[in-house]
Amino acid sequence: MALQPKHVGTYLDRTAKVLKQNYLRVFRDMGSDLSTEQWVLLDLLYKSDGISQAQLASDSFKNAPTVSRIIDLLDQKNLIKRRRFPNDRRRYRIFLTAEGRVLYETLLPRVEELRRISWKGLNEKDYEELKRILDKVRDNFPQEEG
């Protein structure tokens with residue numbers, strides 16, 4: 001009989017909730033109303049400023065409508081700006097504003113601290129094994145487009 005692990009979704013959800021709660025608490029304590037989803041896009045833009053909305057969606061593992069909504073919120077907060085592609089008026093490149101860059105750099109040390117806390121007692125091999133397992137679980141299901 002094949003292995004049928006019980007409650008794997010519950011364990012994943014519980015861990016994701018704890019991580020998210022801690023990130024939100026740190027953001028709030030530092031005077032920011034940023035969500036974890038907004039942080040992910042700021043992090044990607046800080047590392048690859050000016051990438052397309054489609055690339056942000058791909059790199060963040062989020063669908064295009066979700067990324068569009070997050071970009072709208074970041075734009076309202078003056079943390080990002082959109083610029084049209086020169087050859088394609090339908091597509092935008094997304095850039096951090098000076099304000100977005102300052103916020104990112106202000107929050108980053110605390111985010112790095114959260115990352116260290118989350119991996120306390122674990123090593124690179126553990127990380128690679130976790131990624132392998134999570135990728136395998138994901139790959140066991142059909143992938144939806146967008």
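Mentor: With a packed pair: α2 and α5 have axes 11 Å apart and an angle of about 110 degrees. This is a predicted model; local features need pLDDT of at least 70, side-chain atom pairs pLDDT 80 or more, while totals for chains, interfaces and linings use all residues. Numbering runs from 1 along each chain as its sequence is written, and side-chain values use heavy atoms, without hydrogens and water.

Trainee: How are α2 and α5 oriented to each other?

Mentor: Axes are lines fitted to C-alpha atoms over the stretch in contact, with angles from 0 to 180 degrees between N-to-C directions. The angle is about 110 degrees. Angles of 65 to 115 degrees count as roughly perpendicular. So α2 and α5 are roughly perpendicular.

Trainee: How many nonpolar residues does the contact of α2 with α5 have?

Mentor: Contact means heavy atoms within 4.5 Å. From α2, Trp-39, Leu-42 and Tyr-46 are among the residues that meet α5. Ala, Val, Leu, Ile, Met, Phe, Trp, Tyr, Cys and Pro count as nonpolar, Asp, Glu, Lys and Arg as charged, the others, Gly among them, as polar. The contact has 5 charged, no polar and 8 nonpolar residues.

Trainee: Which residues in α1 are buried?

Mentor: Buried means under 20% relative accessible area, exposed over 50%, with a 1.4 Å probe and protein chains only. On the other side, Thr-10, Arg-14, Gln-21, Arg-28 and Asp-29 are exposed. What covers the buried residues includes α2 and α5. The buried ones are Tyr-23, Val-26 and Phe-27.

Key
Helices (H or I, at least four residues) and strands (E, at least two) are DSSP runs, numbered from the N terminus. Angles under 35 degrees count as roughly parallel, over 145 as roughly antiparallel, 65 to 115 as roughly perpendicular and the rest as oblique.
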